[in-house]
Amino acid sequence: MSATPRAVLMVQGGVNEGSTIPLPDGMLIIGRFSINDMVVDELGVSRPHAGIRGGANGYWISDLGSRNGTFVNGEQVD
């Protein structure tokens, strides 16, 4: 039996461009602040920027009130 493929984030730009980051089940907080689950040290990223929630039924991303918005494939999310 093969494992179910997991969702990943693909890094675009910067020193880690082209690498992938597996997404865990549960909530992952992304932002510039050091206590976030995933730290993105860029000026255009808010301290708490976005959250990704995942589980057996899929993954959802939410903007956490960021100043510049959150985009997936060029489309802004709420």
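Q: What makes the lining of the largest pocket divide into nonpolar, polar and charged residues?
A: The lining holds 20 nonpolar, 11 polar and 2 charged residues. Ala, Val, Leu, Ile, Met, Phe, Trp, Tyr, Cys and Pro count as nonpolar; Asp, Glu, Lys and Arg count as charged; the others, Gly among them, count as polar.

Q: How do you know what kind of model this is, and how are its residues numbered?
A: This is a predicted model, where local features need pLDDT of at least 70 and side-chain atom pairs count only at pLDDT 80 or more, while totals for chains, interfaces and linings use all residues. Numbering starts from 1 along each chain as its sequence is written, and side-chain values use heavy atoms, with hydrogens and water left out.

Q: What is the volume of the largest pocket, and which residues are closest to its centre?
A: Its volume is about 1200 Å³. L9, M10, Q12, I30 and V40 are the closest to the centre, out of 33 lining residues. Elements that give two or more residues to the lining are β1 (8–10), β4 (38–39), β5 (50–55), β6 and β7.

Q: What makes it a pocket rather than a cavity?
A: On a 1 Å grid over the protein atoms alone, a cavity is a set of points where a 1.4 Å probe fits but cannot get out; a pocket is an open set with protein on both sides within 12 Å along at least five of seven lines. Lining residues have an atom within 4 Å of a point. Grid points are joined across faces, edges and corners, and the volume is the space filled by probe spheres set on them.

Q: Why does N68 fall in its accessibility class?
A: N68 has 45% relative accessibility, so it counts as partly exposed. N68 sits in the loop between β6 (58–63) and β7 (70–72).

Q: Why is S66 placed in its class, and N73 in its own?
A: S66 is at 11% relative accessibility, so it counts as buried. N73 is at 77%, so it is exposed. S66 is in the loop between β6 and β7, and N73 is in the loop between β7 and β8 (75–77). N73 also has a positive phi of about 50°, although it is not a glycine.

Q: What makes the pairing of T70 and D63 a polar contact?
A: Their side chains are joined at 2.5 Å. A polar contact is a pair of N or O atoms within 3.5 Å; within protein, one must be able to donate a hydrogen and the other to accept it, and residues adjacent in sequence count only if both atoms are side-chain atoms. The side chain of S66 makes a polar contact with that of D63, also at 2.5 Å. A polar atom of the S66 side chain lies 3.0 Å from the backbone nitrogen of G69. The N68 side chain reaches the backbone oxygen of G44 at 2.9 Å.

Q: What makes L23, L28, I30, M38 and I52 a nonpolar core?
A: These 5 residues form the largest one. The term covers buried Ala, Val, Leu, Ile, Met, Phe, Trp, Tyr and Cys residues joined through side-chain atoms within 4.5 Å.

Note on methods. Helix = DSSP H or I, 4+ residues; strand = E, 2+ residues; numbered from the N terminus. Buried < 20%, exposed > 50% of the residue type's maximum accessible area, 1.4 Å probe, protein only.
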